[in-house]
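Please have a look at it before reading on.

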Amino acid sequence: KDFRNKVKPNWCPGCGDFSVLAAMQRAFANVGLEPEEVAIVSGIGCSGRISGYVNAYGLHGVHGRALPIAQGLKLANRDLTVVASGGDGDGFAIGMGHTVHAIRRNVDVTYVVMDNQIYGLTKGQTSPRSAQGFQTKSTPQGSIEQAISPLELALSLNAGFVAQSFSSDLKQLTHVIEEGLKHKGFSLINVYSPCVTYNKINTYEWFKQNIVNLDTLEGYDNANRAQAMQTLMEHDGLVTGILYQNKERPPYEAMIKGFKEEGLAKQDLNISEEQFDRLMAEFA
Ligand code: SF4
């Protein structure tokens, strides 16, 4: 099971997204998936290119719209393992409306966000994850707005799986993605993935000095949502590991009365050949 393909990523040398790609490819293999069982839908941004770098089905979609496509895909073909992916600008600015509703809807999709606190593809503007005071070309006097906290938001929406990791910790990152893939329902995985070209503040070194691995916190219980929220607030969001998991919350699919085990893509259309031809002609 090799999830690598022959396409050479055109990310800058040292970009954190390389590790996310490697972790994703390993995680798919480690949980026993085959390439034809996986679909990756990505948004727009440097990180959005990831869907073209994995040996699996890939769809590089529209800015901020990876999640609606991914959810539709999962509902239509439940045999597929569906991953949505993109950057913090894609998911927490233009796509935030979809992120919020995907969390509360809880379709079985794994959402991996490459969070570099900047817009890299458009050459370095402030993103919704940039800290207050962050200076870029778009905010030369420093960002006035506060950064969004996606994990706090996800917890407030009673997300079933909330995790965070760091590009430098390939082992943890792979593990977290594996657990997200295994989780039944929506999983949000935010990854600190440094932009080495445009973000000179939130560097690998900066993260190494500031993040706290949840495994090192004595008595931390990731089934306790209140504790997860409190821990996040205490550490200004800079924690890594599986922050919260609720294994009891059923996915959206399981809640639909009469919903067939097989998604639409696998169901018998129950129409004659002539009706089918007529239908196809309408779309031609
Ligand atoms: Fe990565 Fe930044 Fe380069 Fe984009 S601009 S590929 S995010 S290092």
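This is a predicted model: local features need pLDDT of at least 70, side-chain atom pairs count only at pLDDT 80 or more; totals for chains, interfaces and linings use all residues.

The largest nonpolar core has 54 residues, and Val162 and Tyr111 touch the most other members of it. Helix α1 gives the most to this core, with six residues. In soluble globular proteins, nonpolar side chains tend to be buried together.

There is also a second, separate core of seven residues, and Trp11, Cys46, Cys195 and Tyr198 are among them.

## Around the ligand

Which residues are around the ligand? They are Trp11, Cys12, Cys15, Asp17, Cys46, Asn116, Gly120, Leu121, Cys195, Val196, Thr197 and Tyr198. By class, this shell has eight nonpolar, three polar and one charged residues. Trp11, Cys46, Cys195 and Tyr198 belong both to the ligand shell and to the second core.

## The sheet

Eight strands form an open sheet with mixed pairing, in the order β2-β1-β3-β4-β8-β7-β10-β9. At its edges stand β2 (57-60) and β9 (212-213); each has a single partner strand, so one side of each is left without a neighbour in the sheet.

Strand β1 (residues 38-42) runs parallel to β2, joined by four bridges. Within that pairing, Val41 has Leu59 as its bridge partner, and Ile40 has Gly58. On β3, the pairing with β1 is also parallel and covers five bridges, with Ala39 of β1 partnered by Val82.

Is β1 buried or exposed? Five of the five residues of β1 are buried, so the strand is largely enclosed by the rest of the structure. Both of its faces are covered, with Val38, Ile40 and Ser42 on one side and Ala39 and Val41 on the other.

## Helices against the sheet and each other

Helix α1 (residues 17-30) lies across β1, β4 (109-115) and β8 (187-192), and runs at about 160° to β4.

Helices α2 (residues 66-76) and α4 (residues 96-105) form a pair whose axes come within 8 Å and cross at roughly 35°. Leu67, Pro68 and Gln71 of α2 make the contact with His98, Thr99 and Ala102 of α4. By class, the residues of this contact divide into three nonpolar, three polar and no charged.

The buried residues of α2 are Ala66, Leu67, Ile69, Ala70, Gln71, Leu73 and Lys74. What covers them includes β1, β2, β3 (81-87), α4 and β4.

## Two loop residues with positive phi

Asn158 has a phi near 60°, a positive value, and lies in the loop between α5 (150-156) and β7 (161-166). With 14 other C-beta atoms within 10 Å, Asn158 is partly exposed.

Asp236 also has a positive phi, near 55°, and is found in the loop between α8 (225-234) and β10 (239-245). Asp236 has 12 C-beta neighbours inside 10 Å and counts as exposed, because the cut-off for that class is 12 or fewer.

Definitions and conventions: Residues are numbered from 1 along each chain as its sequence is written. A residue is near a molecule or strand if its C-beta atom, placed from the backbone, lies within 6 Å of it. Ala, Val, Leu, Ile, Met, Phe, Trp, Tyr, Cys and Pro count as nonpolar, Asp, Glu, Lys and Arg as charged, and the others, Gly among them, as polar. Two strands pair if DSSP finds at least two bridges between them. Two residues are in contact if their C-beta atoms, placed from the backbone, lie within 7 Å. Axes are lines fitted to C-alpha atoms, for helices over the stretch in contact, and angles run from 0 to 180 degrees between N-to-C directions. A nonpolar core is a set of buried Ala, Val, Leu, Ile, Met, Phe, Trp, Tyr and Cys residues joined through C-beta atoms within 7 Å. A residue is buried if 20 or more other C-beta atoms lie within 10 Å of its own, exposed if 12 or fewer, and partly exposed in between; C-beta atoms are placed from the backbone.
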